[in-house]
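Subject: Structure for you to look through

Hello,

Here is the structure I said I would pass on. Please open it beside this email and follow along.

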Amino acid sequence: SVPIIDNGILEDTEQFFGDLSTSDPDVDLRPQRTTIRIVDDAVVIGFGDVTYNVKEGDGSVSISFGVLSGTLGVSVDLIVFEIDDSAISPIDYSYTTTTYTLSPSSPNQTFTITILDDGLLEDVESFMVQLALLTTRIHTFISPSLSAIKIYDND
């Protein structure tokens, strides 16, 4: 039995070798060497809030995301893109799909979306931003991956 110690850090799969031996000449051990692989626990990355509320006249809204549980031991690349709903880019807001990197020394990010005041009397409008992994890490999960931004009219 070999104890595996969980250090709580997201790492690539690690491995070591185990060699089998015996002093009994009548026992034939095959294979004599085996590979033991340690697959890491999950790290959860997501938005800080699932809904952000902003007034049309505020000019912008800051959105945060990052590691919600676990610890990064390696960097991961993510992309944040927008999804129009009743608010439409570039009429109601302005954002360009952007790639971000989270690292052990910088596990959280904040970005800003410009909110545009169109001068029209409107109901509450909304759009979403989605977070997706670009780095293939089996044990990294995105939750929540969507965040809704609600724009309240100021006219």
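Predicted model: local features only at pLDDT ≥ 70, side-chain atom pairs only at ≥ 80, totals over all residues.

Residues are numbered from 1 along each chain as its sequence is written, and side-chain values use heavy atoms, with hydrogens and water left out.

The sheet

Helices (H or I, at least four residues) and strands (E, at least two) are DSSP runs, numbered from the N terminus. Five strands make an open sheet with mixed pairing, in the order β7-β9-β5-β3-β11. Two strands pair if DSSP finds at least two bridges between them. At the edges are β7 (93-94) and β11 (140-142), each of which pairs on one side only. Strand β3 (residues 43-47) pairs with β11 in the parallel sense, over three bridges. V43 has T140 as its bridge partner in β11. As background, strands of a sheet pair through backbone hydrogen bonds, either parallel or antiparallel.

The core

A nonpolar core is a set of buried Ala, Val, Leu, Ile, Met, Phe, Trp, Tyr and Cys residues joined through side-chain atoms within 4.5 Å. Buried means under 20% relative accessible area, exposed over 50%, and partly exposed in between (1.4 Å probe, protein chains only). The largest such core has 26 residues, and I63, F65, V80, F111, I113, F127 and V129 have the most contacts inside it. Elements that give two or more residues to this core include β4 (51-55), β6 (76-84) and β12 (146-152). Its largest share, four residues, comes from β5.

F111 deserves a separate look. Contact means heavy atoms within 4.5 Å. Not counting residues up to four places away in sequence, F111 touches F47, V61, S62, I63, F65, V80, Y95, Y100 and V129.

Aromatic rings

Rings of Phe, Tyr and Trp (its six-membered ring) pair if their centres lie within 6.5 Å; planes under 30 degrees apart count as stacked, over 60 as edge-to-face and the rest as tilted. The structure holds six aromatic pairs. One of them is the stacked pair of Y93 and F127, with 3.6 Å centre to centre and 5° between the planes. Y93 lies in strand β7 and F127 in strand β10, so this pair ties together parts that are 34 residues apart in sequence. Y93 counts as buried because its relative accessibility is 0%, and F127 counts as buried at 0% as well. F47, F65, Y95, Y100 and F111 form one aromatic cluster.

E125 is in strand β10 (residues 125-133). Lys and Arg count as positive and Asp and Glu as negative; His and the chain ends are not counted. A salt bridge is a side-chain nitrogen of Lys or Arg within 4 Å of a carboxyl oxygen of Asp or Glu. E125 is buried yet has no salt bridge, and the nearest side chain of opposite charge, K150, is 13 Å away.

E122 is in the loop between β9 and β10. With a relative accessible area of 21%, E122 is partly exposed. Leaving aside neighbours within four places in sequence, E122 is in contact with E56, D92 and D153. E122 and N154 are 32 residues apart in sequence and 8.7 Å apart in space, C-alpha to C-alpha.

Regards
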